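Hi everyone, thanks for coming. I'd like to walk you through one model today, so please have a look at it first.

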Amino acid sequence: MFYEDLSPYAYRDQGDTFFDVTDGMRFASFEPAYDRLNIGWLEAGRSWPSGRAPRNFGRRLLAVIDAQQVNDMLGLHECDLCPTPLPDSHFWQTPRPGDLRASAGTGEIRVPGSPGTVFAAPSLVGHYVLDHRYLPPQPFIEAVLAFDPYGTWQARFPGIRFPWIPEDAVLRHVDDE
Ligand SMILES: [Zn+2]
């Protein structure tokens, strides 16, 4: 699916669900009090900016991707900028030859922006930046460089690495459904 960078997020019209990355079996799901702006929902045939990102950006972006699992139940996204589909024998988490990141991924990430605003990107954004030279808008680059997904604010739900979890959010077990 393609969404213009910085357009309002509408992929999932319910709230955001953050999975506990330490065990993947617990999650907090809530109606966000923040606005979500799309970043990096690329698609072949649509134009998107490319170029060299600042030093450290790729590394910091991957740290967020490794630290979060958001809306992870919506299935596997495959990169369609890559030249050919992968054969079924290729494990989806393994990068293609010459690539730094896998060209398929699940879920999304959230990066706090200005107060009340969060950037919403597919986890594949790391592959887009590192392997396709996608250059996201400057406000997103700055937000990633300023965001520490292992910040001290996460004491309440240590496995959920995002600061803007509402006070009334509860941690539930996948089995509870
Ligand atoms: Zn690709």
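Predicted model: local features only at pLDDT ≥ 70, side-chain atom pairs only at ≥ 80, totals over all residues.

Residues are numbered from 1 along each chain as its sequence is written, and side-chain values use heavy atoms, with hydrogens and water left out.

So, helix H2, residues 125–132. Helices here are DSSP runs of H or I with at least four residues, strands are E runs of at least two, and both are numbered from the N terminus. Seven of the eight residues of H2 are buried, so the helix is largely enclosed by the rest of the structure. Buried means under 20% relative accessible area, with a 1.4 Å probe and protein chains only. What do those buried residues pack against? Their partners are helix H1 (57–67), strand S6 (108–112) and strand S7 (117–122), with contact meaning heavy atoms within 4.5 Å.

Now the zinc ion. Its protein donors are Cys79 (SG), Cys82 (SG), His127 (NE2) and His132 (NE2), 2.0 to 2.2 Å away; donors are N, O and S atoms within 2.8 Å of the metal, or 3.2 Å for Na, K and Ca. The two histidines, His127 and His132, are also among the buried residues of H2. The angles among the four donor atoms run from 98 to 122°, and the site is tetrahedral, which for four donors requires all angles between 85 and 135 degrees. Along the sequence, the spacing reads C-x2-C-x44-H-x4-H. Cys79 sits in the loop between strand S4 (76–78) and S5, while His127 is in H2, so this pair ties together parts 48 residues apart in sequence. Cys79 is buried, at 8% relative accessible area, and His127 is buried too, at 1%.

Finally, the pockets. A pocket is an open set of points on a 1 Å grid over the protein atoms alone, where a 1.4 Å probe fits, with protein on both sides within 12 Å along at least five of seven lines; lining residues have an atom within 4 Å of a point. The largest one has 17 lining residues, with Ile65, Arg101, Gly105, Thr106 and Ser123 nearest its centre. H1, strand S5 (104–106) and H2 each give two or more residues to that lining, and S5 gives the most, three. In the second largest pocket, the lining includes Val129, Leu130 and Arg133. H1 and H2 are the elements giving two or more residues there.

Methods
Buried < 20%, exposed > 50% of the residue type's maximum accessible area, 1.4 Å probe, protein only. Tetrahedral: all angles 85-135°; square planar, octahedral: opposite > 155°, others 65-115°.
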